[in-house]
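Please look over the structure below. This report covers helix packing, a pocket and some backbone details.

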Amino acid sequence: MRTTQNSKLTVVGAGSVGTSIAYAALIRGSARHVALYDIATEKVEAEVLDLAHGTQFTGASDITGGSDLSVVEGSQVVVVTAGAKQKPGQSRIELASVNADIISGMMPDLLKVAPDAVYVLVTNPCDVLTVLAAEASGLPRNRIFSSGTVLDTSRLRWKLAQRVGVNTSSIHAFIVGEHGDTEFPLWSEARIGPVPILDWETADHPRLTVDELEHIATDVRDAAYKVIKGKGATNNAIGLSSARIVEAVLQDEKAVLPVSTVLEDFHGIDGIALSVPSIVGSTGATPIPNTPFSQEELQLLHRSSDALAGVLESLRN
């Protein structure tokens, strides 16, 4: 049980992602108190009741919630999932425009009842919304960030672990950049145990090739589309990965996770939110400034930055 004494997590949004995060947090004991907030009264009350019925089996955690903003009071961490889903044929800019209005309008109200919380955005496009939410809230950059590529990184490690025959905990590799089409693996620093990824070889698992790595990276990038095609949404894995981020904050773990913060002179990038290895603890997330990138990877990072800057420019014009 991971529970931190008297800690409180509030999840904003009682849709499939929000309820999966609350469920994962209860199961993992991520927080002592879990709250679920949504403006849809009947929906959120039903979800809270359903979760509450199982708390006998979750240890110390409890669950409360409702449609009154007061349920957010006292939160150390607020995870925001509220927003519209991307519709078939809808562009990223169109989705960003809708959700930007929702998030920007919501942040001042949340800050009134939870002024000292760390805020984690899960609503997509999360990188763009992190920039806009930071501007709307006036919070320091470390205290408002998104789940970024934590889930993408988990997908990468899972696929690599399957291929090379080791536990996922022994895979040391990150997906960085945009949480989206321009994300990429930081292959230059990827290790299996202490071994550089292209040097790993066992009797049952021959060496990986560059072509294989490219194929794996594409599969990871497109993984969400496959899940959405089959079941309509991704929710379970983002629930688990978000709970993991919450634990890093509430327990002041100072864990290294690839969350997305608004960068400040990070390899020449400023004012854009991108996922890079960051130290996550009780004060929020701080990018690790001396994270090494190859020259090609730096170009890819700036490609991500340019893509998101274009979306932000379109939203502001």
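This is a predicted model: local features need pLDDT of at least 70, side-chain atom pairs count only at pLDDT 80 or more; totals for chains, interfaces and linings use all residues.

## Helices H5 and H6

Two packed helices are described by the angle between their axes and the distance between the axes. H5 spans residues 150-164. Its axis and that of H6 come within 9 Å and cross at roughly 140°. Angles over 145 degrees would count as roughly antiparallel. H5 and H6 are therefore oblique to each other. The crossing of H5 and H6 is right-handed.

On the H5 side, the contact is made by Asp152, Arg155, Leu156, Lys159, Leu160 and Arg163. H6 brings Glu212, Leu213, Ile216, Asp219 and Val220. By class, the contact of H5 with H6 has 5 nonpolar and 6 charged residues, with no polar ones.

## Helices H4 and H9

H4 covers residues 126-137. The axes of H4 and H9 come within 9 Å and cross at roughly 50°. That angle makes H4 oblique to H9. The crossing of H4 and H9 is right-handed.

Asp127, Val128, Val131, Leu132 and Glu135 are the H4 residues in this contact. They meet Leu308, Val311, Leu312, Leu315 and Arg316 of H9. The contact of H4 with H9 divides into 7 nonpolar, no polar and 3 charged residues.

## The second largest pocket

Rolling a probe the size of a water molecule over the atoms shows where empty space is left. The second largest pocket holds about 460 Å³ of space. Its lining has 22 residues. Pro185, Trp187, Glu214, Glu296 and Leu300 lie nearest the centre of the pocket.

Strand E9 (184-185), helix H6 (210-221) and helix H9 (295-316) each give two or more residues to this lining. Which element gives the most? H6 does, with 6 residues. The lining comprises 11 nonpolar, 3 polar and 8 charged residues.

## Backbone details

Most residues other than glycine have a negative phi, and most peptide bonds are trans. Two places here depart from that pattern.

Asn124 and Pro125 are joined by a cis peptide bond, with omega about -5°. Pro125 sits in the loop between strand E5 (118-121) and H4. Asp252 has a positive phi, near 45°. Where is Asp252 placed? Asp252 is in the loop between helix H8 (236-250) and strand E12 (255-257).

Definitions and conventions
Residues are numbered from 1 along each chain as its sequence is written. Side-chain values use heavy atoms; hydrogens and water are left out. On a 1 Å grid over the protein atoms alone, a cavity is a set of points where a 1.4 Å probe fits but cannot get out, and a pocket is an open set with protein on both sides within 12 Å along at least five of seven lines; lining residues have an atom within 4 Å of a point. Grid points are joined across faces, edges and corners, and a volume is the space filled by probe spheres set on the points. Helices (H or I, at least four residues) and strands (E, at least two) are DSSP runs, numbered from the N terminus. Ala, Val, Leu, Ile, Met, Phe, Trp, Tyr, Cys and Pro count as nonpolar, Asp, Glu, Lys and Arg as charged, and the others, Gly among them, as polar. Axes are lines fitted to C-alpha atoms, for helices over the stretch in contact, and angles run from 0 to 180 degrees between N-to-C directions. Angles under 35 degrees count as roughly parallel, over 145 as roughly antiparallel, 65 to 115 as roughly perpendicular and the rest as oblique. A crossing is left-handed if the near helix is turned anticlockwise from the far one by less than a right angle, and right-handed if clockwise. Contact means heavy atoms within 4.5 Å.
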